[in-house]
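Welcome! Take a moment to turn the model around on your screen, then follow along as we look at a few of its features.

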Amino acid sequence: MQHLGLLAIVLMVAFGAFATLWQKPNKRQSFSQHVAKHPQLLLAFGVVFSLVTILYYTFLIGWLGPTLNLPGVYYWILSLAFLCQFVIAWLPADAGRTLFWHNIAAYLLALLMPVVAGLLYFAAINPSWLLSILVYVYFLTPLMLLFLYLFTNAKQNFLYFQIGYFSRFWLVMLAFTYS
């Protein structure tokens, strides 16, 4: 069960790369906005993202939580994040009511990710120095990226900002899994 997290991340990265490179991406748009423009991708995204979500949360709840003996609040946060991921998967990021709920779920999920990483770090018994550095970098880089995004021309590269945000989280999760 330990390797389900890695499998889910690899599948999501592979599908994300395929979907992004299938059509020339608009760097100003989020991944979800890019997918919403293409009906074929939208259906595939819903199916693949749902399957990956089930795999990933099976890993988080079935292996990582019990292995690190995480508190009950971890499972409540994961339940909310799980719901957010399904909303993101099935409500397209196009204009209208679905965009509103999609964005609420996406930003809530983005806020929950550092909370989960913090819970993991503080629950770890004697984390290695490498894991500690990785977690500190994980918490410091969003502040730098947010500053760059708000005060520079980085809005033109929102897709890269989003890819970086998720990639750092997955890296931290893999470090907890395999350390």
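Phe45 and Phe49 share helix 3 (residues 39–68), where they sit four residues apart, about one turn of the helix. The model you are looking at is a predicted one. Phe45 is buried, and Phe49 is buried as well.

How many aromatic pairs does a search of the whole structure find? There are 14 of them. In the pair of Phe45 and Phe49, the ring centres are 5.0 Å apart and the planes are at 15 degrees, so this pair is stacked. A pair of aromatic rings is described by the distance of the centres and the angle of the planes.

Now move to helix 7 (residues 158–178), which holds both Phe166 and Trp170, four residues apart, or about one turn of the helix. Here the ring centres of Phe166 and Trp170 are 6.0 Å apart and the planes are at 50 degrees, so the pair is tilted. Phe166 counts as partly exposed because its relative accessibility is 24%. Trp170, at 18% relative accessibility, counts as buried.

The two pairs are set out here.

| Pair | Centre distance | Plane angle | Kind |
|---|---|---|---|
| Phe45 and Phe49 | 5.0 Å | 15 degrees | stacked |
| Phe166 and Trp170 | 6.0 Å | 50 degrees | tilted |

Aromatic residues can also be found in a group: Tyr56, Tyr57, Phe59, Trp63, Phe82 and Phe86 form one aromatic cluster.

**Helix 1 and helix 7**

Next, look at how helices pass each other. The axes of helix 1 (residues 4–22) and helix 7 come within 11 Å, and they cross at roughly 165 degrees. An angle over 145 degrees counts as roughly antiparallel, and that makes helix 1 roughly antiparallel to helix 7. The crossing of helix 1 with helix 7 is left-handed. On the side of helix 1, the contact is made by Leu6, Ile9, Met12, Val13 and Thr20, while helix 7 contributes Leu159, Trp170, Leu174 and Tyr178. Sorted by class, the contact of helix 1 with helix 7 has eight nonpolar residues, one polar residue and no charged residues.

Val13 is worth a stop of its own. This residue lies in helix 1, and because its relative accessibility is 46%, Val13 counts as partly exposed. From Val13 to Pro114 there are 101 residues in sequence, and their C-alpha atoms are 20 Å apart in space.

Thr177 takes us back to helix 7. Is Thr177 buried or exposed? With a relative accessible area of 4%, Thr177 is buried. Along the chain, Thr177 and Gly5 are 172 residues apart, yet their C-alpha atoms are separated by 8.3 Å. Setting aside its neighbours within four places in sequence, Thr177 is in contact with Gln2, Phe59, Trp63 and Leu64. Phe59 and Trp63 are also members of the aromatic cluster.

**Helix 4 and helix 5**

A second pair of helices is next. The axes of helix 4 (residues 72–90) and helix 5 (residues 97–123) come within 9 Å and cross at roughly 150 degrees. Helix 4 and helix 5 are therefore roughly antiparallel to each other, and their crossing is left-handed. From helix 4, the residues making the contact include Val73, Tyr74, Ile77 and Leu78, and from helix 5 they include Trp101, His102, Ala105 and Ala106. By class, the residues of the contact of helix 4 with helix 5 divide into 19 nonpolar, two polar and no charged.

Ser132 lies in helix 6 (residues 129–151). With a relative accessible area of 12%, Ser132 is buried. Which residues does Ser132 touch, not counting residues up to four places away in sequence? They are Tyr121 and Pro127.

Finally, find Asn69 in the loop between helix 3 and helix 4. Asn69 is exposed, with a relative accessible area of 66%. Most residues other than glycine have a negative phi. The phi of Asn69, however, is near 55 degrees, a positive value in a residue other than glycine.

Definitions and conventions
Residues numbered from 1 in each chain as written. Predicted model: local features only at pLDDT ≥ 70, side-chain atom pairs only at ≥ 80, totals over all residues. Heavy atoms only, no water. Phe/Tyr/Trp six-rings, centres within 6.5 Å; stacked < 30°, edge-to-face > 60°. Helix = DSSP H or I, 4+ residues; strand = E, 2+ residues; numbered from the N terminus. Buried < 20%, exposed > 50% of the residue type's maximum accessible area, 1.4 Å probe, protein only. Axes fitted to C-alpha atoms, helices over the stretch in contact; angles between N-to-C directions. Parallel < 35°, antiparallel > 145°, perpendicular 65-115°, else oblique. Left-handed = near helix turned anticlockwise from the far one by under 90°. Contact = heavy atoms within 4.5 Å. Nonpolar A, V, L, I, M, F, W, Y, C, P; charged D, E, K, R; others polar.
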